Structure formats: C-alpha cells, structure tokens
Amino acid sequence: MKTHEADIFRKRSLTERWIAAVLFTCAAVSIVVTAGIIAVLLFETMDFFGRVSLSDFFLDTQWTPLFADKHFGIWPLMAGTMLTTLFAMLTALPLGLSIAIFLSEYAPERIRRFLKPIIEILAGIPTVVYGYFALTFMTPLLQKFIPDLAGFNSLGPGIVMGIMITPIVASLSEDAIYSVPASLREGALALGSTRLRALRHVILPTAFSGIAASFILGLSRAVGETMIVAIAAGQQPVLTLDPRVPIETMTAYIVQVSLGDTPHGTLEYSTIFAVGSMLFVITLTFNLIALYLKKKIQRGVL
Amino acid sequence: MSISNEHPYMSVTAASNDAHTENGIRRDYTGLREDAALIKTAGLTAWFGSMQALKGIDINIAAGKVTAIIGPSGCGKSTFIRCLNRMHEVVPGARVEGSIFYREHNVYAPNVNPVMLRRQIGMVFQKPNPFPMMSIKENVLAGLPLQGKNTTNRDEIAERALRQAALWDEVKDVLDKPGSSISGGQQQRLCIARALAIEPEILLMDEPCSALDPIATAKIEDLIHTLRQTITIIIVTHNMQQAARVSDYTAFFYMGELVEYSDTDTMFRAPHNSRTEDYITGRFG
C-alpha cells in the first residue's frame with residue numbers, strides 16, 4: 001500500500017498541465033485579437049489623418065468622400081447616429097425601467113421567474129429581423145400619424161432599436177433594483193410609506209448606479225448598432241436633426257463602403273477606419289463609465 | 001385613521017395601584033389586564049407558506065410600558081411584533097389569522113390601511129438600516145417624504161428626534177455626511193431617531209442590539225429607559241439580561257406559543273412554568 005506521504009509529493013499530472021496550457025492559450029487569443037484590431041484601426045486611422053487634416057474631419061459639415069467633390073466632415077454621420085440613438089433611448093429608458101420596476105417590485109416571484117427569460121429572449125432576435133421590422137412595419141405605422149415621414153428615416157429605426165435594447169436596460173435595471181436589500185424596503189414601509197414612495201425615495205436612489213449602468217450599456221449598444229439603421233434609416237449623410245428624413249449613421253456608412261466597390265487602400269476606403277475609430281472611442285467611453293458604475297454598486301449599498 | 005394622542009390607560013395611579021407585594025417581590029399586573037391594554041391580540045396565528053410561526057397568541061400589552069418578548073430562535077417572537085404593524089404580510093407567502101386590537105381598532109380589519117397604521121406603530125429592525133443614499137439629516141427626516149409630507153420646520157424635527165435618540169451631540173456637526181458613515185451603534189440610534197421623528201404611539205424593536213457591541217448596546221438600553229416615559233415600547237430580544245434590565249413586562253414565547261407572561265420581576269425571579277425556568281436559567285435555547 002502506498003503511503004500518504006508519497007501521494008502529497010507526487011507531481012501534478014501531465015494532462016492537467018496540458019489542459020491549463022490550452023485554456024490559457026484560448027484566453028490569450030481573445031486578448032491578442034482585440035489588441036490586433038485596435039492596432040489595425042489605429043494604423044489605418046493614422047494613415048487617414050496623414051491625408052485629411054483633423055480640422056477638415058471635425059469642422060467640415062459635409063461628408064462626401066465617395067463623390068468627386070470630397071468633404072470629410074464627420075458631423076453628418078455623427079448627427080445620424082445621435083438621432084437614432086436618441087430615439088432608441090427615448091424608447092428603451094421608460095420601457096426598460098417600467099419593466100424592471102414591475103418585475104422587481106410588483107410581480108409575484110412566479111411571474112418574475114417566467115417573464116424575465118422571455119424578455120431576455122428579445123435580446124436574442126437577430127438584428128436583421130429588427131431592421132426589416134423597422135422598414136416594413138414601424139415606418140409604415142408611423143406614416144399613418146406623420147404623413148410626411150420618408151420611407152427611410154431616423155425615427156422608425158430609432159424606435160425599433162429602442163425595442164431591441166429594452167431587454168438590456170430592463171434586465172440590468174431589474175438586477176440593480178432587485179439587489180437593493182430587503183431591509184431598506186422594509187425600513188421605508190415601516191415608516192408608513194406607500195410602495196410607490198418607497199420606490200421613489202429609497203429603492204430607485206439606492207439602485208441608481210446600476211440603473212445608470214444599464215442605460216449607458218444600452219446607449220453604447222445603440223451607438224454601435226448597425227443592421228437596423230443600415231436597412232431602414234437611409235444612406236444620405238446630411239447634417240440634420242429632422243427625424244423624418246433619410247440620414248446615415250456612422251455604422252451604416254461603414255457597411256456602405258465595405259459592401260460597395262470602393263477599392264482597398266484608397267483614401268475613400270480608409271475613411272471607414274477613421275469612422276470606426278470614432279465609434280470605438282465613443283462606445284469604449286460609455287462601457288468604461290458603465291463598468292465604473294457597476295463596480296460602484298458592488299462596493300456600495302451593503 | 002384618526003387616533004388621538006391621549007393615553008387613557010396610561011395613568012400613573014392606575015399602574016401603582018396594581019403593584020402588589022408578595023413574599024417581598026413587587027408584582028404589577030397592569031400589563032396583563034385587558035382594560036389597561038393598548039394592544040390586545042386574540043387567537044393570533046401566523047404562517048410563512050405552510051410553516052406556522054404563531055399558534056394562537058392571546059396577549060394584552062400595556063400602554064406606556066416596555067414589554068419584552070423573549071424566547072429561543074424560531075419561537076415566533078419577531079413574527080409576533082411584525083404582525084402588530086402588519087409588516088408580516090410584506091414577506092411573500094406570509095399570512096395571518098385571528099385579531100389584533102390597537103385601541104379599539106382591529107388591525108386586520110379590511111378597512112384598515114397598513115400604511116397609516118405603520119405611522120402610529122413605528123419599528124426598528126435587527127440590523128441598522130439607514131438609507132445609504134441619504135445624509136444623516138435626510139435619514140432622520142426620511143419619514144416626511146415617504147409619507148408625502150412637506151414640512152417647513154425640518155431642522156427642528158431633526159434635532160428633536162436626534163436628541164430623543166441620544167445621538168444629537170455625536171452627529172450635530174456631521175449632519176450632511178452619509179447615514180452609513182457612522183458606527184453601527186450610531187446607525188441604530190439614527191434608525192430609532194428616524195422612527196421617532198414620525199411620532200408613533202408605539203415603537204416596536206426587533207432585536208435592536210443583536211448586531212451591536214456591549215457599549216453600543218448599553219447606550220440603546222439607556223435610551224429605552226428614557227423613551228419609556230413618552231412612548232410604548234415592545235422589544236424582542238434573545239438576551240435575557242437585556243429583557244430583565246429594560247422591560248416592565250416580559251412574555252416568553254416558545255414554538256409559536258405564549259408560554260408565560262408576567263411582570264418582568266416575577267418572570268425572572270419566580271417563573272411559573274417549568275419551560276420558562278429552563279429557558280431563563282439557560283438549560284435550553
């Protein structure tokens with residue numbers, strides 16, 4: 001019989017070390033790939049700004065890199081992205097927060113456990129489906145109320161994008177509200193508060209950073225969302241805040257160039273990297289803010 | 001619900017008339033008498049789902065006195081006081097049968113609004129629960145917005161409640177700091193101040209010192225001694241010395257039943273029931 005002392009000095013098995021190595025490689029690949037993408041983006045963007053000045057990019061109000069008279073002002077694309085994002089958030093915030101409040105405060109546990117996965121399924125619908133939903137359902141529906149709404153516009157896709165983000169906002173806000181300790185809820189009720197006032201004065205303020213994080217993650221999804229706006233918002237980079245007319249978002253422009261016949265290596269082609277970098281910076285900023293807020297709730301409250 | 005602030009049963013002479021001396025032990029039966037009771041329960045039974053936590057409690061609780069509820073963990077003592085201000089039903093699956101009379105009102109009558117009832121019967125919990133997003137001052141005054149009240153003399157109310165809770169001198173210079181920035185004992189007194197600020201007639205305390213160190217506990221006990229002059233207190237405690245120190249009456253709960261109820265002196269010097277004696281002498285629990 002082997003002694004126990006012999007066992008504790010036995011080396012870890014070769015298989016175990018192999019598995020650890022394979023897992024480490026997988027983890028490393030994701031980091032390397034991310035770093036690679038950032039490097040390419042940065043490199044191509046530098047190349048672009050070697051040919052187009054920063055002031056042209058940030059101060060010009062026209063975006064016409066594919067025409068003979070070339071202008072490289074980012075603002076029309078920015079305006080398009082901001083418009084659709086605005087409508088998305090105007091839809092997703094009230095809807096998502098209402099769902100979150102209902103699920104965490106009013107729905108019986110049975111309904112909560114049944115409804116939450118269903119709402120999360122909404123997040124799994126392919127965005128191309130949402131895109132055609134915007135083009136063939138939402139826009140025609142809105143045209144009944146807004147007669148001069150164009151077939152491609154920022155309002156319809158914006159609202160549909162809001163529906164798409166609603167599960168994110170609802171699910172994360174619900175987590176935040178649900179994680180408010182029961183002792184605070186009871187403390188408020190014991191002071192003779194109605195449930196609504198307890199919600200408003202104690203529970204929502206306590207869950208605030210989590211709710212804000214859900215909004216910002218939703219916002220970052222809206223900014224980066226591509227398919228819906230590429231299908232239903234148009235491809236006309238005009239500097240406008242009119243929700244009825246066709247526009248073009250940053251993401252839709254990247255699709256237009258990537259799918260079109262613009263030759264690789266040309267100035268026209270490198271514009272997509274400049275636009276891509278802008279998108280990257282914007283969404284990264286939002287994600288970092290959301291991360292900070294989420295950390296704050298994990299530390300705080302309890 | 002309009003309930004006057006008079007205490008018809010709280011006359012000092014009535015209480016002193018009830019104090020008898022028997023074998024050198026002072027006995028006072030005011031709390032046991034139905035006509036002196038501020039709260040009367042009849043056949044009070046409570047469940048959590050299928051688990052029965054209270055099995056037909058009949059008890060009269062005296063106005064203007066401190067009543068302690070003691071008993072081992074799981075005996076239903078917390079459930080009992082949570083029934084009194086209808087906080088029991090806040091837990092999903094919880095239900096109650098029987099009746100509780102607060103003055104002449106059946107607390108569980110269909111026309112009683114639990115929100116209004118809780119403004120008369122305040123509560124302090126086991127773990128201090130100041131609202132984390134509010135300052136110390138906002139915490140004391142939290143009852144105002146939570147009741148939809150807009151009062152101008154906020155400073156006055158805050159100071160009075162903090163003085164009542166013996167916390168004013170410690171926090172008067174840091175009123176704008178977060179409620180969670182002070183020590184656990186101070187937080188618990190802040191919660192007491194918060195409950196007192198809405199001027200309840202009864203204060204329920206659910207093991208208010210179980211999360212506190214001995215010094216903080218002593219401060220809360222001193223506070224109970226001061227508060228007993230103005231407010232009726234019902235305190236749940238698993239600490240028998242504490243019950244003996246702070247209360248006028250003590251009720252011993254065991255397995256969801258009220259085993260023994262008498263004035264605190266009698267309870268600790270000459271308990272009638274053998275289970276009570278076993279418990280207070282530390283033979284079980």
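Here are legends for a few close-up views of this predicted model.

**Figure 1**
How far does the C-alpha trace of chain A span along its principal axes? The answer is about 80 × 65 × 35 Å. Chain A has a radius of gyration of 25 Å, while a compact globule of 302 residues would come in near 19 Å. Of the residues in chain A, 41% count as buried. Now take the contacts in chain A between residues at least 6 apart in sequence: 73% of these join residues at least 24 apart.

**Figure 2. The two domains of chain A and where they touch.**
Chain A splits into domain 1, covering 4-51, and domain 2, covering 75-299. Their centres, taken over C-alpha atoms, sit 32 Å from each other. How many residues does each domain bring to the contact? Domain 1 of chain A supplies six and domain 2 of chain A supplies eight. Zoom in on the domain 1 side that touches domain 2, and you'll find two nonpolar residues, one polar and three charged.

**Figure 3. Helix H8 of chain A and its neighbours.**
Helix H8 of chain A runs over residues 182-190, and its buried residues are A:Leu184, A:Arg185, A:Gly187, A:Ala188, A:Leu189 and A:Ala190. An α-helix has 3.6 residues a turn, so residues three or four places apart point the same way. What do the buried residues of H8(A) pack against? In chain A, the partner is helix H9 (195-206). In chain B, the partners are helix H3 (114-120), strand S8 (121-124) and helix H5 (143-146). Just past the end of H8(A), look for A:Gly192, which takes a positive phi of about 80°.

**Figure 4. A four-stranded sheet in chain B.**
Let's hop over to chain B, where four strands form an open sheet in the order S4-S3-S6-S7, with antiparallel pairing. Strands of a sheet pair through backbone hydrogen bonds, either parallel or antiparallel. Which strands of chain B lie at the edges? They are S4 (51-62) and S7 (105-106), each pairing on one side only.

Strand S6 of chain B, residues 94-102, pairs with S7(B) in the antiparallel sense over two bridges. To find the spot, look for B:Tyr102, whose bridge partner in S7(B) is B:His105.

Technical notes. Residues are numbered from 1 along each chain as its sequence is written. Chains are lettered from A and ligands numbered from 1 in the order in which they are written. This is a predicted model: local features need pLDDT of at least 70, side-chain atom pairs count only at pLDDT 80 or more; totals for chains, interfaces and linings use all residues. Domain bounds come from an automatic or database domain assignment. Two residues are in contact if their C-beta atoms, placed from the backbone, lie within 7 Å. Ala, Val, Leu, Ile, Met, Phe, Trp, Tyr, Cys and Pro count as nonpolar, Asp, Glu, Lys and Arg as charged, and the others, Gly among them, as polar. Two strands pair if DSSP finds at least two bridges between them. A residue is buried if 20 or more other C-beta atoms lie within 10 Å of its own, exposed if 12 or fewer, and partly exposed in between; C-beta atoms are placed from the backbone. The radius of gyration is taken over C-alpha atoms; the globule rule is 2.2 Å times the number of residues to the power 0.38.
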